[in-house]
Amino acid sequence: MDAQAETEMPTGSVSDEPFLGPLDIILLVCLLAGTAWYLLKGKKKENQASQFKSYSIQPTTVNTMTMVENSFIKKLQSSGRRLVVFYGSQTGTAEEFAGRLAKEGIRYQMKGMVADPEECNMEELLMLKDIDKSLAVFCLATYGEGDPTDNCMEFYDWIQNNDLDMTGLNYAVFGLGNKTYEHYNKVGIYVDKRLEELGANRVFELGLGDDDANIEDYFITWKEKFWPTVCDFFGIESTGEDVLMRQYRLLEQPEVGADRIYTGEVARLHSLQTQRPPFDAKNPFLAPIKVNRELHKAGGRSCMHVEFDIEGSKMRYEAGDHLAMYPVNDRDLVERLGKLCNADLETVFSLINTDTDSSKKHPFPCPTTYRTALTHYLEITALPRTHILKELAEYCSEEKDKEFLRFISSTAPEGKAKYQEWVQDSCRNVVHVLEDIPSCHPPIDHVCELLPRLQPRYYSISSSSKIHPTTVHVTAVLVKYETKTGRLNKGVATTFLAEKHPNDGEPLPRVPIFIRKSQFRLPPKPETPVIMVGPGTGLAPFRGFIQERDFSKQEGKDIGQTTLYFGCRKRSEDYIYEDELEDYSKRGIINLRVAFSRDQDKKVYVTHLLEQDSDLIWNVIGENKGHFYICGDAKNMATDVRNILLKVIRSKGGLSETEAQQYIKKMEAQKRYSADVWS
């Protein structure tokens, strides 16, 4: 604009005016001020950058991989590695196993790296064969009803729906599942079979771990045979004894400013103070708790009804979805662990990956304090796996203690049996282990490296957004039990929730949450009949379903027969939501079938009621193509209910055992048979 004004000025007027007019002076001052501001801003940024560098952890080698961060092939090539271990993990176990395999590879001249399929360009698997003597291992958990984990969905879809040429790819698969579920290890089994179909070369047999038993034992047993087979296949030899190596180095950072220290955030610094959507697993919403009331009337046990306020969060949910909550560990347990490790819990530190090529620079957000790490980031109540005990053994000053920990972490049958008895059956967490092995005093930073990450806890949502659009309800039993050693163990999440009570005149307590979508859904047409089986807190999602049916009826729509089977111990003690259910029953919204197991001499369960109602069941699922739902205990109840259903299909439908099994499989494929179960 200035230059243009100058050229359009009449030439005759120039000599009549001063060299610099008032407007020119103003413009010149603005220009100089702007230049000075720009230079100062640049200097300030430079200073800020240099300050920030002193707080952050810089890799020891120059990272030229910015543009190809998701290229695992280039990372393998640039670092001379031949082993890549992918993980599909929902709770952290598969990721932990993957890390252990990659770490052990050094012993077998197979320097490895861990990779998250979600963060990789998985099409590069087709190029892995170009790296000499390379191997891809997949540690894949099966989640829910035979689903891949969230971080593995895209990879699973890719190999499922594309006709790929995997010739030359060497691979092995270890699956993580639970035998109490109908689709035991479905993901691991499928990926192993599918890779072979696509021409890849299976180096070692499929391993299947059962989390209902001791999954650690399954993994070790598989791993014991895996490495010798890999050595034979590639013609390599072990470098010798197992060498314990630290994956992370410690950097204490007393100079870091308070505004750069993580205080419990999952990913982005200050994300819990400056909340912004969208909210998800890496950016949870700090939801106020509006209601936290007791549902049990007596009996000594506790069941909570909790309502989270999500107004303004832009989060949406449907009946049947899950609410995930990030809990914190018990303060007393954190203090005890700090003392056992002779640690100052207020020390600010970072753990930095010694592998500079790894995309995982820290095991959890850093820098932080030991107190924050033990409170927010580490699973301190989990039963420690054998690799943790093996490393803790090195910090025993008494030889007998060292030998004991080495023994129970060994692969010898007697060692495995002792581990089962001393750790699994006695429910000893890391605090209990250190209390019972008095000469073991590991440094706190190594404990922080060894323990798995604290995972979010998932709860079936017990409300419908059609009636409660701004609140999410959950129903949770307080977990508390005495162990064989006389200790009182408490559930991490439910103990945390039990302390979160809204009080008049005080700010509402807040909890980090996010919504996880589910396939557990009511049929799209409200007139479709449904049967719901949900004893105890298995009632939770069905409370949302019933609210939805009630809403449809109030809108003037026809609703199909809605039968609920609910069971508890005693009507007078643990009949949760009794008033609501009885009201729905009176108004004809539901056909209520309730079993109180201890209100009479002979115990009565929901399974007994189902056996009595074979005509009703067949009328719904056989004659009217209705939907059948189960929610609750996977190990016993869900299996028993499925068997009763098979019996009804055989007897009322006139089908053979095989045909009845196929009938249920077809119902599953049509989303007419759904289970939301846990063990």
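**Contacts, cores and packing**

Reply: In the protein chain, residues 24 or more positions apart make up 76% of the contacts with a separation of 6 or more, a contact being heavy atoms within 4.5 Å. This is a predicted model, in which local features need pLDDT of at least 70 and side-chain atom pairs count only at pLDDT 80 or more, while totals for chains, interfaces and linings use all residues. Residues are numbered from 1 along each chain as its sequence is written, and side-chain values use heavy atoms, with hydrogens and water left out.

Me: How many residues does the largest nonpolar core have?

Reply: A nonpolar core is a set of buried Ala, Val, Leu, Ile, Met, Phe, Trp, Tyr and Cys residues joined through side-chain atoms within 4.5 Å. Buried means under 20% relative accessible area, exposed over 50% and partly exposed in between, with a 1.4 Å probe and protein chains only. Leu337, Phe364, Leu374, Leu405 and Cys448 have the most contacts inside the largest core, and its residues number 40.

Me: Why is α11 described as roughly perpendicular to α12?

Reply: Helices (H or I, at least four residues) and strands (E, at least two) are DSSP runs, numbered from the N terminus. Axes are lines fitted to C-alpha atoms, for helices over the stretch in contact, and angles run from 0 to 180 degrees between N-to-C directions. The axes of α11 and α12 are 7 Å apart, at an angle of about 100 degrees. Because 65 to 115 degrees counts as roughly perpendicular (under 35 is roughly parallel, over 145 roughly antiparallel and the rest oblique), α11 is to α12 roughly perpendicular.

Me: Which are the edge strands of the open sheet of five strands?

Reply: Two strands pair if DSSP finds at least two bridges between them. The order in this open sheet is β21-β20-β19-β22-β23, with parallel pairing. Pairing on one side only marks the edge strands, β21 (591-596) and β23 (673-678).

Me: Which residue in β21 does Cys568 stand opposite?

Reply: Strand β20 (residues 562-568) runs parallel to β21 and is joined to it by six bridges. In β21, the residue opposite Cys568 is Phe596.
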